[in-house]
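Biologist: I am new to this structure. Could you walk me through its sheets and the helices that pack on them?

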Amino acid sequence: MAEDLGDRRVRRLKLVLFCAFGAMLLLMVGSGWEVMRLLGELNAEHQRVQSDYAQRMRMAEQISTAYRDYAVKARRELAATAAEQEQQKKELPEVTQVVEVVEHYPHPLTSDEEIVLRRIYVTLARHRAAMQSALGNDPSKRAAAIQQLLAADGDTVLASAQGLQALNAGALHQNDSVLEERFGSLRARSLLLLAVALASGLMIALGSLAYILKLQREAQLRYLEISENRSELKKLSARLVETQESERKALSRELHDEIGQSLGSLLVDVGRLSALVPSEEQAGTLVGKIKGEAEHVIQSVRSMALLLRPSMLDDLGLIPALEWQAREVSRQGTAEVEVFAEDIPDNLLPDSYRTCVYRVVQEALHNVSRHSGASHARIDVQLAHDQLSVSVQDDGRGFDPHTRGLGLVGMGERVKDLGGTLTIDSQAGAGTIVRAVLPLPAA
Amino acid sequence: MPELNPIRIVLADDHVVMRAGLRLVLEQQEGLRVVGEAGDGREAVGLAEKLKPNVLVMDIGMPNLNGIEASRQVSARFPEIAIVILSMHSDEGYILRALRAGARSYLLKDSAEADLVRAVRAVVAGKSYFSPAVSKVLLEDYMRKLQRTGAEDSFELLSPRERQILQLVAEGKSNKEIADLLHLSVYTVETHRASIMKKLNLRGIPELILYAVRKGIIS
């Protein structure tokens, strides 16, 4: 139940973190896109204002230039006609070319601009009319009148054109400040977004940190629990092995010493009986039969006792027991097993070590005769550098050590209980080496 | 009719019924007398020291001190006491260790009743004695090993003289006795002995005796 609750809480926390992270990401992407868009807009606006400004300045300049051109031409014509007094009808250049230029001026943006522009139109229209009437005048007066007209209207037009430029410059300045203001607000907004993103990022980071710490704590707890369980399991298995071994020992002793001895003395008595009864009589054959039966039973009891635990292990020591085991396997007829070992003084090896090594070798030989198909096997026992090393090597077909059976796992457990290591070296077709290395107990 | 020089025997076995049976078997024979019984190895060593019997008949599996350890102590201190080991095991490991511990005879309990008297008389005469079943097991192991490993039977390597000397050594004769018997010098006998040990790859008399039993040279 508690596990479930914890799981649900962890899942909820994970979901919240995931959502927050997604939202922050969306926010950052959205605001970034918005800022980019606004910057683009501002830039385009700035460009437009600049080009508009340049165009208006240029057009105002063109108005001035056109008027000056016109005035220069008009004066030149006037000077030419002054020589030929009679040619009254001689036409002066039209002011329309100036009007055409003025008409090209862009649409006025402010009423001030419009007033100035209209003033230019009006001046030019009046100028045109005045010129027509002046042309009709007396030639002597005509020149002076025209000169005066040209100068007076020229002042007006040129001043107006300058006025247009001044207005334009003012508009540009105003536009600049508007843009600046907009840019300022954009910056403020960006800063706000950045602050929000940072704050939420920090919160998510803190949340994640808390989550990670929690996970770590849980993992640690679980690890502790598992390692505790494992050590308990190990203790239990060691205890199990110990119990099994001591029971086998007790049973083996019981079989061997009590039942075996009783049968042995029975056999001695039967032997004496058979010596008393002539063998050709019925009683004699019966005694012979009893003797045979008793011998058979005694053999069975002995085999059972040895199977449970070889008495050599206790009577003679480890190496004789291994040699016996090797001979037993050899007698079964599958593989010939040899032992290469110096006799190890029994006082060097406590009972638990002798038993461990014996059982490991027994299991390894069991595998050799059951599964390997080997014809030869050798057992090597070496005692050096405060450690006992035992190996069982065969020339059989080998196997994949990773698919270790229960027997091999049991061997490993026994060896590990004494602080040693068990390695199994095997390749298909290349035989098998089972090696156990046990550190000797401190004397 | 009391004998003049009966063979004095001490029995050591932790099983009272077994001891009683063995005592009956032995005392039915002329010239054999059981002078003491021990229930464990330590007691057996004590009785050997106190009674100085001619023969000590001893089980292997005994409390306190097992039969092999007891044999080692007795034969080291009283080499004149002949030791007959009685055991349930026909395995070479036991036999070889019993011989190394100084035993002269090795009997299986199954056949104790039939073989014990013969064994006692043999060891008193300075010979070795092994139950026929023991010889059979040893021979079988040996033959199987030869066959499996394809090794040469090292017995074939011995010259007729060496085989003769091997048998005499295994029977418990000293170099001097052998030399007298075969009309050779003690030095020659020693040379033959060394050669035998080398050819058969044996270390010590117990292994030589075991080899001889295996080959059926002695029983």
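**Sheets and helices in chains A and B**

Modeller: In this predicted model, helix α8 (residues 351–372) of chain A lies across β1, β2, β3, β4 and β5 (432–439) of chain A, with contact meaning heavy atoms within 4.5 Å. Helix α8 of chain A runs at about 10° to β3(A), where angles run from 0 to 180 degrees between N-to-C directions of lines fitted to C-alpha atoms, for helices over the stretch in contact. Helices (H or I, at least four residues) and strands (E, at least two) are DSSP runs, numbered from the N terminus.

Biologist: What is the strand order of the open sheet in chain A?

Modeller: The order is β1-β2-β3-β5-β4, with mixed pairing; two strands pair if DSSP finds at least two bridges between them. The edge strands are β1 (336–341) and β4 (421–426) of chain A.

Biologist: How many bridges join β2 to β3 of chain A?

Modeller: Eight, and these two strands run antiparallel. Within them, I379(A) stands opposite V392(A).

Biologist: Turning to chain B, why is one side of β2 and of β6 left without a neighbour in the sheet?

Modeller: The open sheet of six strands in chain B has the order β2-β1-β3-β4-β5-β6, with parallel pairing. Strands β2 (32–38) and β6 (129–130) of chain B stand at its edges with a single partner strand each, so one side of each has no neighbour in the sheet.

Biologist: And how are residues and chains labelled?

Modeller: Residues are numbered from 1 along each chain as its sequence is written, and chains are lettered from A in the order in which they are written.

Terms used
This is a predicted model: local features need pLDDT of at least 70, side-chain atom pairs count only at pLDDT 80 or more; totals for chains, interfaces and linings use all residues. Side-chain values use heavy atoms; hydrogens and water are left out.
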